[in-house]
Amino acid sequence: TSEGSLKAPMPGTIIEMLVKQGQRVREGQTLLVMEAMKMEHRIQAPKAGKVNKVHYERGERVDMGSVLIEIDD
């Protein structure tokens, strides 16, 4: 995985995907929302860049450590 990959901090379900492949994002921008343990978690960009790949869609379950999104400079 590249240094710009975002991993799931815990197992859960993607409830909102806010970006798509090719989109430019800024550091701290919310990229997706996942639900885990009855709470919503906003997953934010660790750096500015371009979304290289989106690995999951809304409604999909993810495991802890799954790569969700890849961001390149």
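**Note on the β-sheet and nonpolar core**

1. β2 and β4 run antiparallel and are joined by four bridges. Strands here are DSSP runs of E, at least two residues long, numbered from the N terminus. Two strands pair if DSSP finds at least two bridges between them. The model is predicted: local features need pLDDT of at least 70, side-chain atom pairs count only at pLDDT 80 or more, and totals for chains, interfaces and linings use all residues. Residues are numbered from 1 along each chain as its sequence is written, and side-chain values use heavy atoms, with hydrogens and water left out.

2. Which strands make up the open sheet, and in what order? The order is β5-β4-β2-β7, four strands with antiparallel pairing. β5 (39-44) and β7 (61-62) stand at the edges. Each has a single partner strand, so one side of each lacks a neighbour in the sheet. Strands of a sheet pair through backbone hydrogen bonds, either parallel or antiparallel.

3. Next, the individual pairings. Two bridges join β2 to β7, and glycine 12 stands opposite valine 62 in β7. Six bridges join β4 to β5, again antiparallel. Glutamate 35 faces two ways along the sheet order: threonine 13 stands opposite glutamate 35 in β4, and glutamate 35 stands opposite glutamate 40 in β5. The hairpin of β4 and β5 has two residues between the strands. There, methionine 37 takes a positive phi near 50 degrees.

4. Threonine 13 lies in strand β2 (residues 12-17). Is this residue buried or exposed? Threonine 13 counts as buried, because its relative accessibility is 18% (buried means under 20% relative accessible area, exposed over 50%, partly exposed in between; 1.4 Å probe, protein chains only). Leaving aside residues up to four places away in sequence, threonine 13 touches Val33, Met34, Glu35, Gly59, Glu60 and Arg61. Contact means heavy atoms within 4.5 Å.

5. β4 is mostly covered, with six of its seven residues buried. The largest nonpolar core has 18 residues; Leu31, Met34, Leu68 and Ile69 touch the most other members. Such a core is a set of buried Ala, Val, Leu, Ile, Met, Phe, Trp, Tyr and Cys residues joined through side-chain atoms within 4.5 Å. β4 (30-36) and β8 (67-72) each supply at least two residues of this core. The largest share, four residues, comes from β4.

6. Leucine 31 deserves a look.
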